[in-house]
Amino acid sequence: MKLTPRDAARYCRKPDPEAAGLLIYGADALRVATRRQEVIAALAGPEAEAEMRLTRISGADLRRDAALLHDAVKAQGFFPGPRVAFVEEATDGITKAIEPALADWAPGDAQIIVTAGALNARSSLRKLFEGHKRVYAVGIYDDPPDRDEVERLMAEAGLTQVPDDVMAAITDLSRALDPGDFRQTLQKLGLYKIGDAAPVTIEDLDQCAPRSNEAEMDDLLHIVAESRVGEIGPVLSRLYAQGTNPVGLCIGTTRHFRTLHAAASDPGGPAAGIGRQRPPIHGPRRDRMARQAGKWGRARLEQALTYLTDTDLRLRSSSHAPAQALMERALIRLAMLGR
């Protein structure tokens, strides 16, 4: 039977112990592995592998010896409790090896969990699981987690007091991070708030969110917009050491100043202009950029954008000027203009 994405999330949290098995497939190996870990833990408990109630079989081994899965399903464990026969990296080439194990499955046998990469609708493995009455098939796609899934992960991490603005920021973060990184971020946030009865704040989330060169670039853009000239060099050196390209940095700077220009040009004022941005800007960053737009004003922001356009053309031209030095000079000049 084929499960919808919503039903799949519920099933993996609470799988049917009387089912013969489950196929989990998808192009994102991390998402597939996360679901597989969840369903095996729910079926056999966290100590299944230590108690030898979990048998792992690779697709390549099963292709060479078709009896491996049938033997694992029927084997009697030394420890009591439900058992799982897990087949990883499955392909259509082992469909015929899985068929007899499913056909001969009986209550009390090990449940068969199979993971595979992307499978199209013509896949024989998909057809086997989707057409069988005693097994399920789950397709894992690149869609971000829905609200129910985000709330469940937050509850698991012990996050109960979450205001609407923080919830919106967490939802945005769920779309930007891989599932594993997002789960770890919420767990880290839950540990960070242990013993703290106050609601979660944007600052708490910023402290626990993973840092990257994109975050470093965001810091640099705020430094430039706030005219903190002396701080430009060290942050810029770190970005270049991480492989940031001067042209990419110029594009990011231009995007930031265009946002400020749009906010400064809004009839309702900079705060209203920042509030109209899409994707939305949340928390302290929203207030910070509104202050920047108000400080610069529309006229000076237009000067800044003109200079950034000239810098971008020079970076992309056949000029022999060193690109990194050219971009550093542009950032310093912008910061001085902001004064």
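Helices (H or I, at least four residues) and strands (E, at least two) are DSSP runs, numbered from the N terminus. This is a predicted model, in which local features need pLDDT of at least 70, side-chain atom pairs count only at pLDDT 80 or more, and totals for chains, interfaces and linings use all residues. Residues are numbered from 1 along each chain as its sequence is written, and side-chain values use heavy atoms, with hydrogens and water left out.

**First stop: two loop residues**

Select S227, in the loop between helix 11 (213-225) and helix 12. The phi of S227 is near 60°, a positive value in a residue other than glycine. Most residues other than glycine have a negative phi. With a relative accessible area of 8%, S227 is buried (buried means under 20% relative accessible area, exposed over 50%, partly exposed in between, with a 1.4 Å probe and protein chains only).

Next, select M52, in the loop between helix 2 (29-44) and strand 3 (54-58). M52 also has a positive phi near 60° and is a residue other than glycine. Its relative accessible area is 56%, so M52 is exposed.

**Second stop: helix 12 and helix 16**

Display residues 232-241 (helix 12) and residues 323-338 (helix 16), whose axes come within 11 Å and cross at roughly 145°. Axes are lines fitted to C-alpha atoms, for helices over the stretch in contact, and angles run from 0 to 180 degrees between N-to-C directions. The crossing of helix 12 and helix 16 is right-handed (a crossing is left-handed if the near helix is turned anticlockwise from the far one by less than a right angle, and right-handed if clockwise). To see the contact, select I232, G233, L236 and Y240 of helix 12 with Q324, M327, E328, L331, I332 and A335 of helix 16; contact means heavy atoms within 4.5 Å. These residues divide into seven nonpolar, two polar and one charged. Here Ala, Val, Leu, Ile, Met, Phe, Trp, Tyr, Cys and Pro count as nonpolar, Asp, Glu, Lys and Arg as charged, and the others, Gly among them, as polar.

Move to P246 in helix 13 (residues 246-264). At 10% relative accessibility, P246 counts as buried. Residues up to four places away in sequence aside, P246 touches Y240, L315, A323, Q324 and M327. P246 and M327 are 81 residues apart in sequence, yet 6.2 Å apart in space, C-alpha to C-alpha.

Display helix 7 (residues 147-156) and helix 9 (residues 179-192), whose axes come within 8 Å and cross at roughly 40°. The two helices are therefore oblique to each other; angles under 35 degrees count as roughly parallel, over 145 as roughly antiparallel, 65 to 115 as roughly perpendicular and the rest as oblique. Their crossing is right-handed. V150, R152, L153, M154 and E156 of helix 7 meet F182, R183 and L186 of helix 9, a set of five nonpolar, no polar and three charged residues. Within helix 7, E149, V150, R152, L153 and M154 are buried. After helix 7 comes G158, with a positive phi near 80°.

**Last stop: Q292**

Finish at Q292, in helix 15 (residues 283-316). Q292 counts as buried at 2% relative accessibility. Which side chain makes a polar contact with the side chain of Q292? The partner is H222, at 2.9 Å. A polar contact is a pair of N or O atoms within 3.5 Å; within protein, one must be able to donate a hydrogen and the other to accept it, and residues adjacent in sequence count only if both atoms are side-chain atoms. Not counting residues up to four places away in sequence, Q292 touches H222, A225, E226, H256 and L260.
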